[in-house]
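Take a look, then read on.

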Amino acid sequence: MTQPTAAPTPPDSRAPRPPRPWWRRPWIVPLALFGLVFAAYALPPYTSLDPEQARLPVRDDLAWHYPVLVTHIFAGALLTLIVPLQVWPWLRRRHPSVHRWSGRVYVLLGVPLVGVPGLLLGPLSSVGPDARISNVLWALLWLACTVLGYLAARRRDFARHRAWMLRSFVLLYGVALNRIVLVLLALLMLPWLDSGFGGDVEAMILSVAVSSSYLSWVLPLLAVEWWLGRRAPGRLRTTAR
Ligand code: HEM
């Protein structure tokens, strides 16, 4: 008598998917290059530790202003370079301890050396009150997302960890994006230089700097919320990767 053949097993939807090759993740290399280019642009005026070289006016009446600004900038550059490592799936999978250590550096250096200084520098902005409000909101949001992301990882709630850290990363990269948005808005406003600003280029730049400041964190945040929302809650990973 012939034995009944077993029905073919359906593929296990919970089985880990094979890793995608690096060329199917074309954003990691451009992200790393973008961070490097921004660091190369941001750092040079501050390497001499001469307040005269700063790109923004340094307050003589506040002894802490320049040291806090320089600390913020160098630590900020380091964080910008860490982000591509954190979002690189291959590194997370193959070297989870590197992901954990660079993640600790991101949070434990970033909060006191980038976020808190950002909060202190925000109200001093020479661009004016609107930009000061934007700066303070930006710093508070970055601090909140980063701390919530860290706490979620400590609870081993990796779905929420991932979502909060992605918000933290886009807010951080918004600082670099700000320079691009500022140039684009200034170019867009050029036809109104005479009629709107009496030919005063500086007044035009100051005016668009406020819009640029808001757009640079609001737009990336909206984009990441849309991206996170596209993934049904059930599809968010709940295990460490
Ligand atoms: C989300 C995190 C960050 C916040 C909230 C933040 C906030 C600020 C604030 C409020 C200022 C003073 C602006 C003014 O006076 O008008 C500032 C200056 C500056 N920040 Fe950040 N920042 C962040 C991340 C970074 C990162 C990652 C870098 C990378 C190097 C960076 C580089 C700079 C530089 C270079 C300046 C001085 C302005 C200049 O030289 O162009 N910041 N930041």
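Two residues are in contact if their C-beta atoms, placed from the backbone, lie within 7 Å. This is a predicted model, in which local features need pLDDT of at least 70 and side-chain atom pairs count only at pLDDT 80 or more, while totals for chains, interfaces and linings use all residues. Residues are numbered from 1 along each chain as its sequence is written.

Q: What does leucine 171 touch, not counting residues up to four places away in sequence?
A: Its partners are Trp138, Leu141, Trp142, Cys145, Trp217, Pro220 and Leu221.

Q: Which residues have the most contacts inside the largest nonpolar core?
A: A nonpolar core is a set of buried Ala, Val, Leu, Ile, Met, Phe, Trp, Tyr and Cys residues joined through C-beta atoms within 7 Å. The largest one has 17 residues, and Trp142, Phe169, Leu171 and Leu172 have the most contacts inside it. The elements giving two or more residues to this core are α3, α5, α6 and α7, and α7 has the largest share with eight residues.

Q: How many helices and strands are there in the chain?
A: Helices (H or I, at least four residues) and strands (E, at least two) are DSSP runs, numbered from the N terminus. The chain has nine helices and zero strands.

Q: Why is valine 87 called partly exposed?
A: A residue is buried if 20 or more other C-beta atoms, placed from the backbone, lie within 10 Å of its own, exposed if 12 or fewer, and partly exposed in between. Valine 87 has 18 within 10 Å, so it is partly exposed. Valine 87 sits in the loop between α3 and α4 (89–94).

Q: Why is arginine 179 partly exposed?
A: Arginine 179 has 14 other C-beta atoms within 10 Å, and therefore counts as partly exposed. This arginine 179 is found in helix α7.

Q: What share of the chain do buried residues make up?
A: They make up 21% of the 241 residues.

Q: Which residues come nearest to the ligand?
A: A residue is near a molecule if its C-beta atom, placed from the backbone, lies within 6 Å of it. Of the 24 residues around the ligand, Arg55, Gly76, Gly118, Ser125 and Trp142 come nearest. Helix α3 gives the most to this shell, with six residues.

Q: How do the residues of the shell around the ligand divide?
A: There are 16 nonpolar, seven polar and one charged. Here Ala, Val, Leu, Ile, Met, Phe, Trp, Tyr, Cys and Pro count as nonpolar, Asp, Glu, Lys and Arg as charged, and the others, Gly among them, as polar.
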